[in-house]
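Student: I would like to learn how to read salt bridges in a model, and I would be glad if you took me through them step by step.

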Amino acid sequence: MRVGITYDLRDDYLALGFGEEETAEFDRRETIDSIDRTIKDLGYTTDRIGHVKTLMARLAGGDRWDLVFNIAEGLQGYGREAQIPALLDVYQIPYTFSGPLSLTITLHKGMAKHVVRGFGIPTPNFLVLKSVSDVAKVDLPFPLFAKPVAEGTGKGISAASKLSNQKELVFQCTRLLSEYRQPVLVETYLSGREFTVGIVGTDDQARAVGVMEVILKDHAEKHAYSYLNKERCEEFVEYRPADEANAVKASEIALAAWRALECRDAGRVDLRADVEGRMNFLEANPLPGLHPQHSDLPILCSMSGISYRELLGWIMQSAIGRVVASG
Ligand SMILES: Nc1ncnc2c1ncn2[C@@H]1O[C@H](COP(=O)(O)OP(=O)(O)OP(=O)(O)O)[C@@H](O)[C@H]1O
Ligand SMILES: [Mg+2]
């Protein structure tokens, strides 16, 4: 089986003049090398394609693959993660991970919360602010939390994301709106413990493969698993397998959200507990980072005794299983 690999390489974009934070979601060369090596090791033939424009050129030139292993995040718009899946749908080429609908909805954290809440899954009350004047509409009690509506990898998230009063709300929303040029999600701050659930599979085949607690060390940046804490996770973050009771609660909510959002093959759902210890949905990550040592999904798998090879094997099996089932 010939497997194409689509991805956005951080070095390519840095070379084009993009900045460190702008390219934070993109992959390092060692991640692509690890994926390529592991897929080969699983017995498939691989072909590195790269980003969406290379894919377009190769499709137009007549190239085809039996399956594409897609981890490209894209650059522009709410549909940026959906661009490659949509293009592959045009050519009826199957691919790993979620389709355009899920990738677009989950990228917009406000839309994802509407869907999840519609399914009765707990998530903090929220508003999406499109301009500074929208701050006047915020009628939720402090403390609140503000983040760009459609970013990942902790972009735009720092200790200042936790808002204790009106002054901080205005200041932080003004800053985020101008810096990230997109709406800001403001929601109730969850002061409890934080967990991330690794999921493999699709629909009724989906299962939690591990639940990890994210614990900020004393000298870490406060309040959130922020951009800085993620970038320097070895120094600032302790990862611990969740205790049984929290693992059960977190898995149940994460799987419900995964199915509600129709995510496929593998990913992560992030959760935090409120002041009473009730677990809440924060966001879903249907294109999980796959750096073998640095990304949350491989980290939590290795805690559960699941190797990187096993994880990638399951992702391939899940995608191939869907293709077979759809005839
Ligand atoms: N409502 C909230 N209350 C408390 N902390 C929050 C809240 N929302 C986000 N956080 C903190 O900010 C972190 C990042 O938020 P979120 O998961 O939405 O962002 P992200 O950048 O998309 O993450 P990822 O790297 O998983 O893609 C969370 O892991 C959590 O620590
Ligand atoms: Mg997250």
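Student: Are R80 and E151 buried or exposed?

Tutor: Both R80 and E151 are buried, where buried means under 20% relative accessible area, exposed over 50% and partly exposed in between, with a 1.4 Å probe and protein chains only. This is a predicted model, in which local features need pLDDT of at least 70 and side-chain atom pairs count only at pLDDT 80 or more, while totals for chains, interfaces and linings use all residues. Residues are numbered from 1 along each chain as its sequence is written, chains are lettered from A and ligands numbered from 1 in the order in which they are written, and side-chain values use heavy atoms, with hydrogens and water left out.

Student: What forms a salt bridge with R80?

Tutor: Side chains of opposite charge can pair when their charged atoms come close. A salt bridge is a side-chain nitrogen of Lys or Arg within 4 Å of a carboxyl oxygen of Asp or Glu; here R80 pairs with E151, their closest N and O atoms being 3.9 Å apart. R80 lies in the loop between β3 (67-70) and α4 (83-90) and E151 in the loop between β5 (144-148) and β6 (162-163), so the pair ties together parts that are 71 residues apart in sequence. Helices (H or I, at least four residues) and strands (E, at least two) are DSSP runs, numbered from the N terminus.

Student: Which residues are linked with D47 in a network of salt bridges?

Tutor: The network links D47 with R2, R58 and D63, and within it the side chains of D47 and R58 meet at 2.6 Å, N to O.
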